[in-house]
Amino acid sequence: MSLSVDLSGRRALITGASSGLGARFGRMLATNGAHVALGARRLDRLEALASEIGVKAAAVEMDVAQE
């Protein structure tokens, strides 16, 4: 399934982005022009995904259960 919406100039924070749906949404949003902040606890996986996506992605180690 593909998304065909121009998201140029938009920014998104995706939690749970180190795997599964979070990673998929990160890829889809970036493919359609958005800059994405990929958030999760596993920094190594986030960095790998950010590297795959390119300059439109940044890895942010975070745990949404912690304030």
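In the predicted model, the buried residues of helix 1 pack against strand 1 (11–15), strand 2 (35–40) and helix 2. The buried positions of helix 1 are Gly22, Ala23, Gly26, Met28 and Ala30. Helix 1 itself covers residues 20–31.

The packing of helix 1 with helix 2 was then examined. Two packed helices are described by the angle between their axes and the distance between the axes. For helix 1 and helix 2 (residues 43–53), the axes come within 10 Å and cross at roughly 25 degrees. Because angles under 35 degrees count as roughly parallel, helix 1 and helix 2 are therefore roughly parallel to each other. The crossing in which helix 1 passes helix 2 is right-handed. On the side of helix 1, the contact is made by Ala23, Gly26, Arg27 and Ala30, and helix 2 contributes Leu49, Glu52 and Ile53. Sorted by class, this contact contains four nonpolar residues, one polar residue and two charged residues. Ala23, Gly26 and Ala30, named in this contact, are also among the buried residues of helix 1.

The chain was next followed beyond the end of helix 1. Just after this helix, glycine 33 takes a positive phi of about 105 degrees. Glycine 33 belongs to the loop that joins helix 1 and strand 2. With a relative accessible area of 7%, glycine 33 is buried, because the limit for a buried residue is under 20%. When residues up to four places away in sequence are not counted, glycine 33 touches Leu7, Ser8, Gly9 and Lys56. Alanine 57 is 24 residues from glycine 33 in sequence, and the two C-alpha atoms are 11 Å apart in space.

A further position, glutamine 66, was considered in the segment after strand 3 (57–61). Its relative accessible area is 56%, and glutamine 66 is therefore exposed, since a residue counts as exposed over 50%. Glutamine 66 and leucine 46 are 20 residues apart along the chain, and a distance of 18 Å separates their C-alpha atoms. In terms of accessibility, glycine 33 is thus a buried position, whereas glutamine 66 is an exposed one.

How values were computed. Residues numbered from 1 in each chain as written. Predicted model: local features only at pLDDT ≥ 70, side-chain atom pairs only at ≥ 80, totals over all residues. Heavy atoms only, no water. Axes fitted to C-alpha atoms, helices over the stretch in contact; angles between N-to-C directions. Helix = DSSP H or I, 4+ residues; strand = E, 2+ residues; numbered from the N terminus. Parallel < 35°, antiparallel > 145°, perpendicular 65-115°, else oblique. Left-handed = near helix turned anticlockwise from the far one by under 90°. Contact = heavy atoms within 4.5 Å. Nonpolar A, V, L, I, M, F, W, Y, C, P; charged D, E, K, R; others polar. Buried < 20%, exposed > 50% of the residue type's maximum accessible area, 1.4 Å probe, protein only.
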